[in-house]
Amino acid sequence: MEKSGGNRANQMFWSIVSFLRRCLFLVISACPIPHHIVFIMDGNRSIDNFKRQPEEVQFLMDLMHEKIEGLIKEESIVNRYGVKVHFIGNLKLLSEPVRLAAVRAMVATANNSRGVLSICVAYTSTDEIVHAVQESCEEKWNEISILNASGAGYDLDKFGENENEERESVVKLTDIERHMYMAVAHDPDILIRTSGETRLSNFLLWQSAYCCLYSPSVLWPEIGFRHFVWAILNFQCNRLYLERKKKQS
């Protein structure tokens with residue numbers, strides 16, 4: 001008798017939890033939902049990791065290779081949920097097996113369309129910005145050289161004498177953004193840094209100017225549903241303010 005009563009109480013408890021969760025989803029879905037949430041985990045795979053001892057770097061490469069190979073498997077979580085995978089960063093720094101595995105994972109998930117998972121490896125924001133500026137300058141210089149060689153462009157010897165020509169040839173903001181590693185994704189709506197840290201650690205400095213920052217005290221393995229809910233509610237409360245600031249910039 002007591003066992004039967006305990007089961008009914010347990011069922012009632014979980015029914016109430018399920019009802020409250022549905023109510024919460026209705027409240028959240030009534031407002032704009034974030035499209036891009038980014039995480040800075042407790043331990044990240046930044047370029048600074050390549051300054052470690054060779055055996056430590058090799059250990060990281062082996063671990064990364066193992067995890068990437070897991071993404072390629074047909075039964076992997078990204079394929080079950082239809083998630084496309086991007087690897088973001090200076091991939092030339094990776095060992096060849098890891099780099100090739102990353103390419104295979106991107107190809108294997110290219111047709112998935114229900115979500116996008118961007119994984120930053122060998123990445124820092126300053127390296128990304130330098131890369132984008134270098135690529136933009138090189139692209140613009142090649143355009144000018146081709147036009148000049150065809151006789152339809154600028155005379156490079158006199159380049160800069162005409163203000164209008166100089167304005168047309170200058171590298172624009174859109175050029176730099178197009179060459180960013182993260183050009184494959186929208187700017188983040190929410191940036192979550194676990195373990196209570198409040199610094200960005202050289203991560204997405206360019207893209208996170210107008211996103212909501214959230215720093216729960218829990219470590220990455222402990223982050224759960226309630227943390228996501230709080231981050232989304234915080235985003236919804238501050239969205240209009242951030243959009244106004246972005247338009248003013």
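Asn90 touches Val121, Ala122, Asp127 and Tyr181, leaving aside residues up to four places away in sequence; contact here means heavy atoms within 4.5 Å. The model is predicted, so local features need pLDDT of at least 70 and side-chain atom pairs count only at pLDDT 80 or more, whereas totals for chains, interfaces and linings use all residues. Residues are numbered from 1 along each chain as its sequence is written, and side-chain values use heavy atoms, with hydrogens and water left out.

Asn90 sits in the loop between strand 2 (83-88) and helix 4 (96-108). Helices (H or I, at least four residues) and strands (E, at least two) are DSSP runs, numbered from the N terminus. With a relative accessible area of 14%, Asn90 is buried (under 20%; exposed is over 50% and partly exposed in between, with a 1.4 Å probe and protein chains only).

Turning to helix 4, its partner is helix 2 (residues 54-72), and the two pack at an angle of about 20° with their axes 9 Å apart. Axes are lines fitted to C-alpha atoms over the stretch in contact, and angles run from 0 to 180 degrees between N-to-C directions. Helix 2 is therefore roughly parallel to helix 4, a term for angles under 35 degrees. Met61, Met64, His65, Ile68, Glu69 and Ile72 of helix 2 meet Pro97, Val98, Ala101, Ala102, Arg104, Ala105 and Ala108 of helix 4.

The structure holds 0 disulfides, that is, pairs of cysteine sulfur atoms within 2.5 Å. The sulfur of Cys212 lies 7.0 Å from the closest cysteine sulfur, in Cys211, too far for a bond.

Technical notes:
Angles under 35 degrees count as roughly parallel, over 145 as roughly antiparallel, 65 to 115 as roughly perpendicular and the rest as oblique.
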